[in-house]
Amino acid sequence: MKKEIPFLKGHMGGNEIVLAPRGRFPESAELELSLEILERPQIGGDQLGLLFDLPETSHVGAKIIDINSRDYIPMCGGMTQVLGKAHLELDISDIFELDSSMSNDEIRLETELGGFPIRDAPEGRVITVMDTFLNYVYEAGVERGTLNGVKSFKVGDYFVTFEDEIKKRYPETSFHPLNKEAGEILIELQKKFRHEFDTGKENRDLAIIGEPENEARTARLIFPHNISEGLIEPTCGTGAVAAAVALVEKGSISGSGRMDLGFETGGGKEYIGGPEVTKVVLEVKSGKVRKGQFSHELVEILAAGNVFL
């Protein structure tokens, strides 16, 4: 007999997220069933967050599965935004079978990386506090490098590079739209990144930074994490924060104190940048990012119901 599992699906600027109660998944088949949900003809999505109670802290725990790596991942910014939006609009305690007490304006989410406060903001936005991610990034290391003639950064596990640096070395490439030549170069650069920097895993976290179309914005972003399989995210919360760290380390963003950044995102899988804005707020001291948070302007709940597996 098939198992009935409640779910909710939403998106952050085209990054599709599915949420479900972890207690409905048999431990022995958790990863297998999660990947089945993320694939067609099932619900489909980029990440699945399996939510569960942490009664000793009244926090909510999450195990996160990523269709790109086909494995568990320690954190997903888009998932936090969709969860926060669901908390604003729905009774998520009922949907995800949670007993944890949650305030009206904040969720404390516990992931493999640690805790991430998710807060309501004006105009229906959701703020994800990323201090835990930033601590991890600096512990794992932020390094400069030149890969096949392209200046780049390792930011934690992220490979962050720049549209203008790629085009300077490979003028035949285009990122608006992303052409075949650019795709081939990115595949080679990712291979080189894995060879040059030891991230402790097969790297599939990639952020590309381009010049903004709107001068009031900081930059354009796209996240072709696994371009050989067509897995390109138009928005990525952890990726936007990693890109912000790279810009500070590069010296493109200078000074100390609070920095308010606006990244053009959400342009689909073929265009760097887009019509939406990912806001990143940093606290910078002595050239290092000490605190940070992000929010995306387009986060929507798309569907809720039951999936049969």
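Visitor: At what angle do helix 4 and helix 7 pack, and how far apart are their axes?
Guide: In this predicted model, helix 4 (residues 131-140) and helix 7 (residues 237-250) pack at about 55 degrees, with axes 11 Å apart. Axes are lines fitted to C-alpha atoms over the stretch in contact, and angles run from 0 to 180 degrees between N-to-C directions.

Visitor: Why are they called oblique?
Guide: Angles under 35 degrees count as roughly parallel, over 145 as roughly antiparallel, 65 to 115 as roughly perpendicular and the rest as oblique; helix 4 and helix 7 are therefore oblique to each other.

Visitor: Which residues make the contact?
Guide: F133, L134 and Y138 of helix 4 meet T238, V241, A242, V245 and E249 of helix 7, where contact means heavy atoms within 4.5 Å.

Visitor: Changing topic, how many helices and strands are there?
Guide: The protein chain has 7 helices and 18 strands, which are DSSP runs (H or I, at least four residues, for helices; E, at least two, for strands) numbered from the N terminus.

Visitor: And where is confidence lowest and highest?
Guide: Mean pLDDT, the predictor's confidence from 0 to 100, is lowest in helix 3 (residues 92-95), at 84, and highest in strand 8 (residues 126-129), at 98. The protein chain averages 93, and 97% of the residues score at least 70.

Visitor: What box do the C-alpha atoms fill?
Guide: Roughly 55 × 40 × 35 Å along the principal axes.

Visitor: Which conventions apply?
Guide: Residues are numbered from 1 along each chain as its sequence is written, and side-chain values use heavy atoms, leaving out hydrogens and water. Local features need pLDDT of at least 70 and side-chain atom pairs 80 or more, while totals for chains, interfaces and linings use all residues.
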